[in-house]
Amino acid sequence: KQQLSSRVAELTRQINEYNHQYYVLDQPSVPDAEYDRLMRELIEIENNHPALKALDSPSQKVGGEALTAFTQVSHQLPMLSLDNVFSIEEWQAFVKRLHDRLGSSDTLAMCAEPKLDGLAVSLRYENGVLVQAATRGDGSTGENITENIRTIKSIPLRLSGENYPGILEVRGEVFMPKASFDSLNALAMKKGEKTFANPRNAAAGSLRQLDSKITAKRNLAFYAYGIGFVGESRDNALGQAWLENSHYQRLKQLQILGLPMCPEVRLLAGEYECEAFYQDILTRRDALSYEIDGTVLKVDDIALQDKLGFVARAPRWATAYKFPAQEELTV
Ligand SMILES: NC(=O)n1nc(-c2ccco2)nc1N
């Protein structure tokens with residue numbers, strides 16, 4: 001028994017190392033066959049000795065028993081939706097409202113992010129371990145899709161290092177990269193199955209699978225873009241104190257914990273740089289490996305965000321600056 005649990009620990013360490021090389025460094029050091037052999041041995045031991053299967057075992061990435069339904073999750077902090085602007089005039093009106101509400105026209109540092117066209121989710125980590133994941137739903141209540149989320153290779157089952165609060169909720173977007181979408185549809189076509197209209201629908205359909213083994217094969221990806229509830233736990237007194245006063249720095253903190261962040265995100269010195277960011281991303285849109293439908297421009301200073309608050313559910317401190325609708329190709 002003892003040497004079995006040490007074998008599980010050894011396999012876990014080795015597989016996590018290979019995952020890091022493959023998904024984070026993009027430099028695998030062993031062939032897939034070797035990786036698969038270790039994973040099969042781990043799953044074999046866990047199936048024969050369930051007591052040895054940990055919540056954050058790398059075997060959770062391949063999916064488990066199918067569910068019969070999703071349970072509901074209520075978000076401790078509501079998941080916000082975004083107001084939109086569609087033109088530079090509307091953007092400038094948004095900026096004017098910021099200045100009016102803050103009673104100052106001081107330059108505002110802005111966190112500029114591509115607007116990923118996927119599905120918003122909330123990931124809950126307790127003592128560094130992923131314990132729950134939910135869809136946005138109506139902003140207050142979402143579906144519990146924890147088993148499906150565990151299969152997404154770029155979402156860590158355990159946070160790296162020690163510098164994290166006892167309870168940490170990460171907000172971000174699950175999406176299907178364009179290449180994965182194309183190969184999924186090509187396969188569906190070949191098998192005479194229905195194809196998906198776009199990567200967003202494919203991601204939503206893949207996350208709504210009751211059988212997480214199907215989700216595991218859909219090559220979904222994730223980028224973090226915010227933080228929800230943060231608190232202390234019995235074993236970890238780090239709570240709100242862990243949080244930085246800059247939205248951009250918070251994203252960098254999440255990156256250090258092993259959560260992926262969109263490489264196009266920029267901290268801009270002032271709101272006057274947003275238009276150039278928007279135009280730059282618009283010109284590079286087709287070259288990105290994932291679909292976006294605009295940019296999200298956020299006041300970076302958290303204290304100012306709190307001062308601005310939000311109306312209904314949309315924050316007053318951020319707006320999505322969306323691209324003109326693309327002419328749908330009529331085939
Ligand atoms: N969809 C997307 O990429 N989003 N969505 C937000 C968001 C929604 C509410 C607050 O922030 N941020 C980014 N990058």
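Please note that the model is predicted: local features need pLDDT of at least 70, side-chain atom pairs count only at pLDDT 80 or more, and totals for chains, interfaces and linings use all residues. Residues are numbered from 1 along each chain as its sequence is written, and side-chain values use heavy atoms, with hydrogens and water left out.

A backbone N or O atom of Leu 116 lies 2.7 Å from a ligand oxygen. On the side of Glu 173, an N or O atom of the side chain is 3.4 Å from a nitrogen atom of the ligand. On its own, the ligand has 340 Å² of accessible area, and the protein covers 91% of that; such areas come from the Shrake-Rupley method with a 1.4 Å probe, and for residues only the protein chains shown count as cover.

Which residues are around the ligand? They are Leu 80, Leu 82, Glu 113, Pro 114, Lys 115, Leu 116, Glu 173, Tyr 225, Val 296 and Lys 298, each with a heavy atom within 4 Å of it. Strand β3 gives the largest share of this shell, four residues. Strands here are DSSP runs of E with at least two residues, helices are runs of H or I with at least four, and both are numbered from the N terminus. By class, the shell has six nonpolar, no polar and four charged residues. In this count, Ala, Val, Leu, Ile, Met, Phe, Trp, Tyr, Cys and Pro are nonpolar, Asp, Glu, Lys and Arg are charged, and the others, Gly among them, are polar.

Now consider Lys 298, which is placed in strand β10. Is Lys 298 buried or exposed? Lys 298 is buried, with a relative accessible area of 7%; buried means under 20%, exposed over 50%, and partly exposed in between, with a 1.4 Å probe and protein chains only. Leaving aside neighbours within four places in sequence, its contacts (heavy atoms within 4.5 Å) include Glu 113, Tyr 225, His 247 and Trp 317.

The largest nonpolar core has 69 residues, and Leu 123 and Ile 149 have the most contacts inside it. Such a core is a set of buried Ala, Val, Leu, Ile, Met, Phe, Trp, Tyr and Cys residues joined through side-chain atoms within 4.5 Å. Strand β8, residues 221-231, gives the most to this core, with six residues. A second, separate core of 11 residues includes Leu 11, Ile 15, Met 39 and Ile 45.

Finally, two backbone details. Most residues other than glycine have a negative phi. Asn 127, however, has a positive phi of about 50° although it is not a glycine. Asn 127 lies in the loop between β4 and β5, and at 27% relative accessibility it counts as partly exposed. Asn 219 also has a positive phi of about 50°. Asn 219 is found in the loop between α7 and β8 and is partly exposed, at 42%. Thank you.

Notes
A polar contact is a pair of N or O atoms within 3.5 Å; within protein, one must be able to donate a hydrogen and the other to accept it, and residues adjacent in sequence count only if both atoms are side-chain atoms.
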